[in-house]
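Welcome! Take a moment to look over the sequence and the model, and then we can walk through them together.

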Amino acid sequence: MKANKIEITSSEQLIDITASVRDYVNQSRLKDGFVQIQVPERTAAVIISINDDWRLQREFFDKLNHLMPKYDGMKFTGWTTACVKATIFGPSLQVMVHQGTLMLDKNQSIYFVEFQGPGERQYFISNTGTTLAENEQASMPEELAAIYEKRKAYEDEQEQIKQEMRNEW
């Protein structure tokens, strides 16, 4: 198990922890199994979401605060709202690892979500499964490579459509 600390700088924040989880998988030489992320905080959660939209954090909290506002008129709703939000998303997450690779689309990341910052928080990572042999290297599974290929073809097609629209304009 590995403990990680995070410094929360605002009242609500999404922090991408994917690199930290990947480093843990590499250091533990996990081949096939699961990596678990646990957040022992009452106002925080861990999620998988998109990583290709710079508006994610703002829109995530805007939409969530529309459903569960922090204020009822001029009255602050207190810790319970942040706790309910954290409960809905959950304090733990399990991600599959195959051939030493996290089974995530290239447009997905693992996020630590804080609903009542600022302050120092922590999360824990552990794993279950088999380990890579001493001379064995992690490799991308064929199934995940196929997903990446589809995503690349879609992105190329979208870029081509944009270029055609620019040319017509």
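A residue is called buried when its relative accessible area is under 20%, exposed when over 50%, and partly exposed in between, using a 1.4 Å probe and protein chains only. With a relative accessible area of 48%, Q160 is therefore partly exposed. Before going on, please note that this is a predicted model, where local features need pLDDT of at least 70 and side-chain atom pairs count only at pLDDT 80 or more, while totals for chains, interfaces and linings use all residues. Residues are numbered from 1 along each chain as its sequence is written, and side-chain values use heavy atoms, leaving out hydrogens and water.

Helices (H or I, at least four residues) and strands (E, at least two) are DSSP runs, numbered from the N terminus. Q160 belongs to helix α4, residues 142-168. Its C-alpha atom is separated by 45 Å from that of C83, 77 residues away along the chain.

Now to the sheet. Strands of a sheet pair through backbone hydrogen bonds, either parallel or antiparallel. Two strands count as paired if DSSP finds at least two bridges between them. Here five strands make an open, antiparallel sheet in the order β1-β10-β3-β7-β8. At its edges are β1 (2-8) and β8 (101-102), each of which pairs on one side only. Strand β10 (residues 119-131) is joined to β3 (residues 30-38) by eight bridges and to β1 by seven. You can follow this at I125 in β10, which is the bridge partner of K2 and also stands opposite I37. Q38, in turn, stands opposite F124 in β10.

Helix α3 (residues 79-89) has T81, A82, C83, K85 and A86 as its buried residues. Their cover includes β4 (44-50) and α2 (56-67). Just after α3, G90 takes a positive phi of about 100°.

Finally, look for the aromatic rings. Rings of Phe, Tyr and Trp (its six-membered ring) pair if their centres lie within 6.5 Å; planes under 30 degrees apart count as stacked, over 60 as edge-to-face and the rest as tilted. The whole structure has five aromatic pairs. One of them is F60 with F61, edge-to-face at 5.1 Å centre to centre and 90° between the planes. Both F60 and F61 are buried. The rings of F89 and F115 are stacked, because their centres are 6.0 Å apart and their planes at 20°. F89 lies in helix α3 and F115 in the loop between β9 (108-114) and β10, so this pair ties together parts 26 residues apart in sequence. Together, F60, F61, F89 and F115 form one aromatic cluster.

Terms used: Contact means heavy atoms within 4.5 Å.
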